[in-house]
Amino acid sequence: MDDFYAARSGPIPPLPWPTIPPPFSRIALFSTVHVPLVHPLFAAKALATIDHVSHGRAGLNIVCGWNPSEFGMFGMTLDDEGYARAAEWLDVIEKLYAADGPIDFEGRFYKLKQAITRPVALQRPRPVTMNAAFSPPGRDFAANACDQLFTTFTTIEEGKRHIADIATRAAAAGREVGVSTVCHVVCRPTDAEAEAYYEDYALTNADHDGVEQHMSSKQKFSGSHDDESYRLYRQRFAGGVGSFPLVGSPETIARQMAEISQAGFSAIALSFVNYREELPYFCENVLPLLVEMGLREDVMAVEAA
């Protein structure tokens, strides 16, 4: 998404700290925000700060919430107005960034008097946004207001249907929306080693009671996975919260990631059991294969040039 960020960022003013060295200058920082629990003026101020600190590489994952127990901790209840509220919430942020001075705002959900945020975000009309929507109203919100849809899938073929669905909804709004996904990774020198470890932690030694509680709650309230996911892929919920598994040798995982890319996904968020031990191995052994496949830039060569 580097070109996307470059196109969205305005001129970067001089900063009182050193220039961010490579490769950290390429890292984007996404904040996940529960719309009903965070006021848009506060979010606009915090997001602008992150955008400046990251030199225009802030991102915003807009979520409307699904867990009644979490909302109960804040003395709030979930309702059916989540995406209508989110649309107004984002509208407030864009108006704050576009204004030359304080603004008044009178909406269904928010009422602001002489509201202002300084500095404003570097990206316009606001930092890149994504939304993890599964329901039709959520998909419509993502199609009308966001830059990326963040979604799960059970099979790559089924993932293609998600991409086609959001493309149709976005086209109706005269827009284009990218689609990102999430996968959990178990990468070892051989497929057999990876599969053995995956079975050990996600089946044999899984917290089965915890998995059952999580799955039943998600299925009842979130709508973030299709019914087949809960019926067929219990191991995926123990292994990576229901996401698609990338399990195998570096060659196997690179091939699977290529298939996901070819299906039309623009980005993959990756999770590991132990980042400190597993991420370096992944970077050393999988990323070069993605460079060879033309799916990733040779970052070191670009920075050296």
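Modeller: Helix α4 (residues 82–98) packs against α5 at an angle of about 15°, and their axes are 10 Å apart. Axes are lines fitted to C-alpha atoms, for helices over the stretch in contact, and angles run from 0 to 180 degrees between N-to-C directions. This is a predicted model, in which local features need pLDDT of at least 70, side-chain atom pairs count only at pLDDT 80 or more, and totals for chains, interfaces and linings use all residues. Residues are numbered from 1 along each chain as its sequence is written, and side-chain values use heavy atoms, with hydrogens and water left out.

Colleague: How are α4 and α5 oriented to each other, roughly parallel or roughly antiparallel?

Modeller: Angles under 35 degrees count as roughly parallel, over 145 as roughly antiparallel, 65 to 115 as roughly perpendicular and the rest as oblique. The angle here is about 15°. The two helices, α4 and α5, are therefore roughly parallel.

Colleague: Which residues in α5 do Y83, A86, A87 and L90 in α4 meet?

Modeller: Contact means heavy atoms within 4.5 Å. From α4, Y83, A86, A87 and L90 meet four partners in α5: P137, G138, F141 and A145.

Colleague: Within what arc do the buried residues of α6 fall?

Modeller: Buried means under 20% relative accessible area, exposed over 50%, partly exposed in between (1.4 Å probe, protein chains only). In α6 the buried residues are I156, E158, G159, H162, I163, I166 and A170. They line one face of α6, because, seen down its axis, they fall within an arc (taken from the directions from the helix axis to the C-beta atoms) of 155°.
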